[in-house]
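Reader: I have just opened this entry and would like to learn what its labels rest on. Please set each one against its definition as we go.

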Amino acid sequence: MANGIDTQIIDVPLSVFDTVNTGTVINILSIIVVAWLLVKITGFALKKISARFWTYRSMVTTLIPLLQIVIYAAAIYYIVTAVIEPTLNQLIAFFGLFGAALGLGLKDIFGDIAGGIVITFEKPYQIGDKVTIGEHYGEVVDIGIRSTRIVTPDDSLVSVPNYFVFSQPSSSANAGKPEMMVVIDVYTNAASDSVRAMKILKDAVITSKYVYISKDRPYTVLVEDFPYYRRIRAKAYVNDLRSEFEFQSEVTRRVWVEYAREGIKAPEPVLLRGGANTSITNNQ
Amino acid sequence: MPDAPPAPETVKDVETEKDIEIRYAPELDRISATIDAFAEGKCSHVAVISDPFAGQAVLIDEIRKRHGDRTFYFSFESVVSRKDFIATIRRQSEKDIIIIDRCHFLALRRIGGFDLLDEFLHLLTSSRKLFVTTWNSYTWSYLDSVRNISAYFPEVIHLPQMDIPMLKSIILGQYSGEIQFVDDTPRVEKRFLSVTWKEAEILKKPFRYPSFGIHPEYLGRSAGTYDSVAAEDIIFRRIQKISDGNLGIALKIWENSFSYPHIRASSIPDAQCIIDLTVNEAFLLLIILSMDSIHTDDLREIAGPEMEIEKVLYRLHTLGLVEEKDGLYTVQPEALNCSAVYLKRMRMVW
């Protein structure tokens, strides 16, 4: 009886290999290639469409990872059911091997795939969003099965494994919307007229070509006192998150041109000598 | 063949008194009610909002006609740079209704560009007179978002878009003779859904792709019966679609397409709206759209030193989006609706 059981266990893997011949391998490879091509083509087309209809971008880009999962799942299902056609025993054996593979070190890959599925359905961020994942900040350009790719402000492409979604906090600055809040700080010396400085910053923000203002997307200008300087902070939405830095730069440049005209000055460096504060001016 | 009538210059030349009364009946009633309430001590300043070319002037003329002895009329012709107008308005002690036309010229989209608007709003809140003002709709929506300007005007009246029968009645009302409508568009376009093949290049290789067009005017009609579609309806549907119910634009399209006594569907420009602009180009287009017409010097002031406005204006001009006359830039009437749709999509019009 015991011998009979042993024989059966050993026979199952052999029968799997019996059904996998050269033709089957070619079929499987063809299906994988077709699925991969489909994923690439649909991804490319949907990215083009989302760029053209920027306002509805999030609706379109949401489909990209979803389609990836659907296409790959359909390919796997087709390979298993129509090409290999396993028996129940073969399936049991496959899952046994699959479990062993997981234990032997493929768990990170499957963790990434599970993370990809969670990102697709839970949508903590989407393609096109400005996100911070771990210590990386940038625009999400692709959510793949295994990793999420973000482009940082200095144009580096960072691949973040999808399992990070379980272990690291992620924040999305725009949550699928085309606009996002931008914080612009300018610093003036304590002697400058802060009311005038605030008005100029406010005007610079609301007249910017990049700004987006509505009842739901208001702007605000705040002042905060520090020991030797004041910080004037504007919070406003940029109409297209891709213009985040241009918005900051344009407002800051125009503000300083106007500040110079109005005699509003930047803070002066301060040295602390033996407990006494000394202000260093240009003359010194 | 009868002589062609002279081409209309503006909406004012075309609309009869009866047209105006019919077209603006609800708006005129609201303004009259506000004036009546003002006589009883309730002051609700009025803002009349309209798109460029929409012809708010005829409404203002009608108000002046009805309340002529009580009204003082003042119109800004370009961007306001001095506050003399405040003193002029203050001097009108014997008039209790102040009509100020084209108030969008009070604000300029630059740092410090709202000072005169603030002065004006101060005058408005401190005066015992009733102010009836007109504004460009794009400037209004901008100022309402950034300065909450509607808080100063309890009575905000948006001029309505015109429907096809109204457009038809006003346009055809100019002519006494018979107008011949000719639908000479290609047969392929005479279906609800048409497919034409276009050519493009991908990796420097020619590539043909199908372009789909939707023509609601042919909905429910089979290809065999397309000839029975009234050419007149087709032509007015097209005019209404391009003008988006703006009478001034509809008249311009009519004027450009009409060769007495024929009007051909093929001579009406394509309603397709394909614009692709840089941020600077879109921004200057927005400014021109928001101001009705604006001088190059004012545009330069708004654009600042970082923008080469000559280049930008040249591109806008070559794309057929703006036109220039004596240094004043205006949006091409036929391109107004398309430009507005594009700028909304770019989230520059809110």
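Author: Happy to! Helices are DSSP runs of H or I with at least four residues, strands are DSSP runs of E with at least two, and both are numbered from the N terminus. Chain B has 14 helices and 13 strands. What you see is a predicted model, in which local features need pLDDT of at least 70, side-chain atom pairs count only at pLDDT 80 or more, and totals for chains, interfaces and linings use all residues. Residues are numbered from 1 along each chain as its sequence is written, while chains are lettered from A and ligands numbered from 1 in the order in which they are written.

Reader: Where does B:R102 lie, and why is B:R102 called buried?

Author: B:R102 sits in the loop of chain B between β3 (97–101) and α6 (115–126). A residue is buried if 20 or more other C-beta atoms lie within 10 Å of its own, exposed if 12 or fewer, and partly exposed in between, with C-beta atoms placed from the backbone. B:R102 has 23 other C-beta atoms within 10 Å, so it counts as buried. It also has a positive phi of about 60 degrees, although it is not a glycine.

Reader: What makes B:D292 buried too?

Author: B:D292 has 20 other C-beta atoms within 10 Å and is therefore buried. Its place is the loop between α11 and β11 (293–295) of chain B. Most residues other than glycine have a negative phi, and most peptide bonds are trans. The peptide bond from B:Y260 to B:P261 is cis, with omega near 0 degrees, and B:P261 lies in the loop between β9 and β10 of chain B.

Reader: Why is A:K47 called partly exposed?

Author: A:K47 has 18 other C-beta atoms within 10 Å, so it is partly exposed. This lysine is in helix α2 (residues 22–52) of chain A. Across chain B, buried residues make up 37% of the 350 residues.

Reader: How do you know which residues take part in the contact between chain B and chain A?

Author: Two residues are in contact if their C-beta atoms, placed from the backbone, lie within 7 Å. The contact takes 16 residues from chain B and 18 residues from chain A. On the chain B side, the elements that give two or more residues are α7 (137–147) and α11 (279–291). That side has eight nonpolar, four polar and four charged residues. Here Ala, Val, Leu, Ile, Met, Phe, Trp, Tyr, Cys and Pro count as nonpolar, Asp, Glu, Lys and Arg as charged, and the others, Gly among them, as polar.

Reader: What makes a set of residues a nonpolar core, and which residues have the most contacts inside the largest one?

Author: Its members are buried Ala, Val, Leu, Ile, Met, Phe, Trp, Tyr and Cys residues joined through C-beta atoms within 7 Å. The largest nonpolar core has 115 residues, and those with the most contacts inside it are A:L201, B:L284, B:L285 and B:I288. α11(B) gives the most to this core, with nine residues. B:I288 touches B:I294, B:V322, B:Y329, B:T330 and B:V331, leaving aside residues up to four places away in sequence. A second, separate core of 12 residues includes A:I119, A:V140, A:V160 and A:Y163.

Reader: Why do β6 and β9 of chain B stand at the edges?

Author: Two strands pair if DSSP finds at least two bridges between them. The order β6-β10-β9 (chain B) makes an open sheet of three strands with mixed pairing. β6 (180–182) and β9 (258–259) each have a single partner strand, so one side of each is left without a neighbour in the sheet. Three bridges join β6(B) to β10 (residues 262–264) of chain B, and the two run parallel. The bridge partner of B:F181 in β10(B) is B:I263.
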